[in-house]
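Here are some friendly notes to read beside the model. Please keep the sequence and the 3D view open as you go through the numbered points.

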Amino acid sequence: MERYERIFFWFSAAVLGLLLCCLAYITLFMDIHLPGHGGRIMPKDGQPLATAVLVTPPFNHPGIHEIGPGRYEAAVLAMQWIFFPRKIEVPAGSEVTFRVTSTDVIHGFFIPGTRVNMMAVPGYVTVETYRFRHPGNYLLLCHEYCGRQHQTMWGEVIVK
Ligand code: CUA
């Protein structure tokens with residue numbers, strides 16, 4: 001092998017190895033991973049998707065539900081151009097499992113300052129769990145362009 005070829009080979013291998021180590025580190029020690037898949041919502045014959053979503057649990061009762069001591073489940077609907085519910089209130093230290101879907105187009109579901117960063121896809125349920133350790137008002141943003149009023153689509157997680 002030529003000398004430069006050898007240098008290039010080992011340099012590329014080192015970069016690849018370093019990136020794999022970073023990936024392993026954030027997965028194992030920082031708990032950063034892809035959002036989970038919580039199933040599909042299939043419309044029955046001729047039923048519009050929005051109707052199917054609105055009658056399927058837990059989205060027939062969107063909101064925050066306590067599922068155990070310090071543990072909550074938030075069923076959130078994303079639709080043009082609101083999150084429903086818009087405000088989610090939990091005590092500090094709570095672990096919240098977000099179950100999110102959309103009734104119309106693809107929306108984003110992003111809480112800056114946390115690792116909650118997912119998509120709300122029509123007919124699919126996306127799931128992510130996060131522990132809110134510190135009190136504060138966390139902004140919830142749609143970060144996927146979803147039409148004319150996209151920039152007005154926001155919500156809030158209030159941690160007390
Ligand atoms: Cu919903 Cu952008």
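1. Is Thr56 buried, partly exposed or exposed? Thr56 counts as partly exposed, at 24% relative accessibility. You will find Thr56 in the loop between α2 (49-55) and β2 (63-68). Its C-alpha atom is separated by 58 Å from that of Ile7, and the two residues are 49 apart along the chain.

2. A word on the source. This is a predicted model, in which local features need pLDDT of at least 70 and side-chain atom pairs count only at pLDDT 80 or more, while totals for chains, interfaces and linings use all residues. Residues are numbered from 1 along each chain as its sequence is written, and side-chain values use heavy atoms, with hydrogens and water left out.

3. Next, the overall layout. The domain assignment gives domain 1 (1-33) and domain 2 (35-159); such bounds come from an automatic or database assignment. Taken over C-alpha atoms, the centres of domain 1 and domain 2 are 35 Å apart.

4. Now look at helix α1, which covers residues 3-29. Helices (H or I, at least four residues) and strands (E, at least two) are DSSP runs, numbered from the N terminus. Tyr25 lies in helix α1 and is partly exposed, with a relative accessible area of 46%. Leu23 is also placed in helix α1, and Leu23 counts as partly exposed at 48% relative accessibility.

5. What about the inside? In soluble globular proteins, nonpolar side chains tend to be buried together. A nonpolar core here is a set of buried Ala, Val, Leu, Ile, Met, Phe, Trp, Tyr and Cys residues joined through side-chain atoms within 4.5 Å. The largest nonpolar core has 24 residues, and Phe83, Phe98, Phe109, Ile111, Phe132 and Val157 touch the most other members. Among the elements that give two or more residues to this core are β3 (71-79), β6 (94-102) and β11 (154-159). β3 gives the most, with four residues. Apart from this core lies another, of nine residues, among them Ile41, Ala52, Ala75 and Leu77.

6. Leaving out residues up to four places away in sequence, Val157 touches Ile88, Phe98, Ile111, Phe132, Gly136, Asn137 and Tyr138. Contact means heavy atoms within 4.5 Å.

7. Which residues pair by charge? A salt bridge is a side-chain nitrogen of Lys or Arg within 4 Å of a carboxyl oxygen of Asp or Glu, and by this rule the count comes to six. Arg99 forms one with Glu73, the closest N and O atoms being 2.9 Å apart. This pair links strand β6, which holds Arg99, to strand β3, which holds Glu73, across 26 residues. Arg99 is partly exposed at 23% relative accessibility, whereas Glu73 is buried, at 17%.

8. Glu156 and Lys87 form another salt bridge, with closest N and O atoms 3.9 Å apart. Glu156 is in strand β11 and Lys87 in strand β5, 69 residues apart. Glu156 is buried at 15% relative accessible area, whereas Lys87 is exposed at 52%.

9. Finally, check two peptide bonds. A cis peptide bond joins Gln80 and Trp81, with omega about -5°, and Trp81 lies in the loop between β3 and β4 (82-84). Phe84 and Pro85 are also joined by a cis peptide bond, with omega about 0°, and Pro85 lies in the loop between β4 and β5.

Terms used
Buried < 20%, exposed > 50% of the residue type's maximum accessible area, 1.4 Å probe, protein only.
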